[in-house]
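I opened my notebook to look into how two chains meet. Here is what I looked up, entry by entry.

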Amino acid sequence: MERNQMHKHIFLMRQSFFDQGLLDEQFIQLEELQDDANPNFVEEVVTLYYRDSSRTLLNIEQSLEKNPLDFNKLDNYMHQFKGSSTSIGAKKVKAECTQFREYCRAGNGEGCMRTFQQLKKEYAILKKKLETYFQQTRQAGPSETACRPRMN
Amino acid sequence: MASDTDYDSDGMRDNGNGGSSEGNGRRRRHPMMTWRNNLRALVVDNGRICRIMESGLLDAYGVEVEAVGTGEAAVELIASGETFDLIVIEMFLPFMSGPETARTIREMGITSKILGIAPMYWEKDAQEFLAAGIDEFLEKPFTPELFVPFLREIDNQK
């Protein structure tokens with residue numbers, strides 16, 4: 001694919017993340033921190049997020065298998081997970097975290113389990129899309145435009 | 001940008017005693033804002049990603065940042081004589097909680113602006129944090145829209 005076309009494709013891909021509600025403005029804050037001294041900052045932070053959070057999700061998964069459920073522990077894990085998800089702008093994932101916490105507060109184990117399944121789904125979807133995005137961004141190389149495209 | 005090599009993924013030092021901070025290894029060449037005074041901030045957050053973003057954003061806005069993963073490390077740093085204009089503390093820290101950290105810092109006679117932050121909370125959590133001595137409680141994400149007014153206030157008062 002010709003280079004300009006590649007960049008256009010990447011631009012549209014990125015825009016779709018916001019249009020579909022996968023990412024929010026916090027992702028733009030993350031992008032703003034990328035500069036010549038840290039040219040891969042966004043990808044590095046997102047990679048770190050997926051690495052760190054996979055352990056938290058495993059902890060939650062294991063905690064959900066216990067009987068009775070320890071809602072306090074689940075809440076603490078989710079607090080941590082929501083913090084990092086919020087930091088990278090993972091909007092849909094963040095929403096599921098909030099829902100999960102509501103169910104924890106209500107002591108609703110089934111609600112927690114159902115929400116957790118949805119959360120894992122959103123988490124995986126975002127991961128796959130961002131992996132593709134970063135891969136294509138690397139392949140395309142630096143853009144010739146002076147300004148980074150903004151959300152709106 | 002603050003490095004993060006000294007911490008495991010939970011932001012905890014192996015010895016569990018807090019430990020050294022991550023300072024600004026590199027100051028941004030062209031910060032988004034400049035201040036009349038040299039502003040220093042301490043970020044206390046056990047979440048590694050959160051810590052990177054919070055300290056990264058403050059750095060981008062012209063603030064010299066130290067970042068630690070525990071309340072104990074924050075208290076140790078302050079006790080060693082380090083001074084900060086702004087202290088940002090996550091509410092749910094392991095071991096010494098956010099409110100406990102804020103209370104301890106205030107008991108040390110520190111009058112710096114302290115902001116409490118959390119990604120989600122119940123009202124009673126916020127009240128507990130405020131009662132512990134923070135100046136303001138903010139919901140994450142920690143964005144420039146939230147922290148720049150405080151930096152402006154601090155800069156004007158220095």
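I count a salt bridge when a side-chain nitrogen of Lys or Arg lies within 4 Å of a carboxyl oxygen of Asp or Glu. By that rule I get 1 salt bridge between chain B and chain A. Asp52(A) and Arg48(B) form a salt bridge through their side chains, at 2.9 Å from N to O.

A note on the source: this is a predicted model, where local features need pLDDT of at least 70 and side-chain atom pairs count only at pLDDT 80 or more, while totals for chains, interfaces and linings use all residues. Residues are numbered from 1 along each chain as its sequence is written, and side-chain values use heavy atoms, without hydrogens and water.

Next I checked the interface. Chain B and chain A each bring 28 residues to the contact (heavy atoms within 4.5 Å). The area buried between them is about 2700 Å², meaning the accessible area (1.4 Å probe) lost by two parts on being put together, summed over both. Carbon and sulfur atoms give 62% of that area.

Then I turned to Lys82(A). Is Lys82(A) buried or exposed? I find it buried (under 20% relative accessible area, 1.4 Å probe, protein chains only; exposed is over 50%, partly exposed in between). Beyond its neighbours within four places in sequence, Lys82(A) is in contact with residues including Cys97(A), Pro119(B) and Met120(B).

Definitions and conventions. Chains lettered and ligands numbered in written order. Lys, Arg positive; Asp, Glu negative; His and termini not counted.
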